[in-house]
Amino acid sequence: MATKPILGILTWREGKRFEEPGYLRRLVLAGRQMGAETFLFSHQDVFLSQKKIRGFVPAKGGGWESRMFPWPELVIDRYRKRVKEYMRLRHSGLFSFANSPFSKKWRVTEFLSKHDRVKRWVPETRLYARGSVKAMLSRYPIVYVKPGNGTGGRSIVKIAAQGKQYLVQGRDRRLLQKKASFSSAEAVERWIQRWVREQRIRDGNFLVQQGLDLALVPNRVADVRLLIQKNGAGEWDVTGCGVRLGPVGSSISNLHGGGEAISFSRFVAKRFGAERTRQIQQECSQMAHEVAAVLEEKFGRMMEFGLDVGVDVQGRVWLIEVNPKPGREIFRQMGDRETYAEAIARPVSFALHVISTEGRQRARHTGT
Ligand SMILES: Nc1ncnc2c1ncn2[C@@H]1O[C@H](COP(=O)(O)OP(=O)(O)O)[C@@H](O)[C@H]1O
Ligand SMILES: [Mg+2]
């Protein structure tokens, strides 16, 4: 008799408060629907001596209820905070994970920018050091400075040369807009020096990056969010993509920063026409597959990536960022319910695929 596969989802919680309750609720329900015993747990919920987990599942009237579950055969790591107890658990070898630990933004960017299969899509990037801003400004009309361990568009600055002036425009840690203008690269350099000191997260460093002209709509930043996931056959597949359009005058497009979500093909076609849009979409997809393959080779088995992709005013495709624990709300915000449902079902399909193939392998080894 086949028993149900057991799938755990590791995430942060405080009491019954979870970090992404909407998504996680749908994920657990998708797991249940596809025949897996699925539950959320956090680092506090591991009872090693009993080999049991306190798991959380959606309660009938809303909210969450908990009970004890058997040890999961596979765990999806969805923990997005760098809590010490989590880090310990992550590296303890106690669980088999669907997705391997990933690295900080600057290490990933550095790795990709040197890799022959993908470097053509990566904007030139340097680690911030004295003089690096000035040097990059002499090469590019737009330069971005951003924390090598930041998220959500925080602490990112855009510097744009305009005539003899440099316009500096950024968001601080609380996403408040900062603007300034300078008449020399030296003055920008000094301003950035202070910015880096004030905005630094823990011991993090900063990246100085070739800026892309993403103003497909004048005065607004638009970039593409692409979701590539493993499917039920264990193969990479692009689930979908959408465009995030930043607010007027903003240097970032992040939804937290007030951006809106719109259809990729409609948006890009308006600027480049249908034929060129197909090519651009194809290049995005090719890039996503290459990036996923190259990263998996380096970091071990992965399950999904959200790519922040830039399509510049010339129609060139660029890789801005790779998110190993990506959101998928963009599809819901675009009103694309089908892709949204697919984006939630796929992690479960993939997990079930891993459980069944690894289970078979174990059975072969032990002869049972
Ligand atoms: N080199 C760049 N050129 C143009 N825009 C950029 C560049 N780097 C970042 N951005 C803008 O800032 C946003 C946030 O940057 P990102 O590197 O994705 O950091 P975060 O982790 O904070 O999301 C991007 O989605 C894009 O809109
Ligand atoms: Mg990003």
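Reply:

Arg-244 stands opposite Ala-261 in S17. This pair is a place to begin in what is a predicted model. Strand S16, residues 236–245, runs antiparallel to S17, and 4 bridges join the two. Both strands belong to an open sheet of 5 strands with antiparallel pairing, ordered S17-S16-S15-S18-S19. The edge positions are held by strand S17 (260–263) and S19; each has a single partner strand, so one side of each has no neighbour in the sheet. From one strand to the next, the twist in this sheet averages 35°.

S19 leads on to the ligand. Strand S19 (317–323) is among the elements that give two or more residues to the shell around ligand 1, together with strand S10 (142–147) and strand S14 (206–210). By domain, the shell takes at least three residues from domain 2 (124–210) and at least three from domain 3 (222–348).

Strands S10 and S14 are found in another open sheet, with 6 strands in the order S9-S14-S10-S11-S12-S13 and antiparallel pairing. Here strand S9 (125–127) and strand S13 (177–182) are at the edges, and each has a single partner strand, so one side of each is left without a neighbour in the sheet. The twist from one strand to the next averages 20° in this case. S9 pairs with S14 in the antiparallel sense, over 3 bridges. Within that pairing, Thr-125 has Gln-209 in S14 as its bridge partner.

Now the ligand itself. There are 23 residues around ligand 1, and those that come nearest are Lys-105, Lys-146, Gly-153, Asp-223 and Glu-321.

Some polar contacts can be given with distances. Lys-105 places an N or O atom of its side chain 2.8 Å from an oxygen atom of ligand 1. With Gly-150 the contact is to the backbone: a polar backbone atom lies 3.4 Å from an oxygen atom of ligand 1. Gln-210 also uses a polar backbone atom, which is 2.9 Å from a nitrogen atom of ligand 1. As for cover, ligand 1 on its own has 540 Å² of accessible area, and the protein covers 99% of that.

Conventions. Residues numbered from 1 in each chain as written. Chains lettered and ligands numbered in written order. Predicted model: local features only at pLDDT ≥ 70, side-chain atom pairs only at ≥ 80, totals over all residues. Heavy atoms only, no water. Near = heavy atom within 4 Å. Polar contact = N/O pair within 3.5 Å; in protein donor to acceptor, adjacent residues only side chain to side chain. Areas by Shrake-Rupley, 256 points an atom, 1.4 Å probe, with all protein chains shown as cover. Domains from an automatic or database assignment. Pairing = 2+ DSSP bridges. Axes fitted to C-alpha atoms, helices over the stretch in contact; angles between N-to-C directions.
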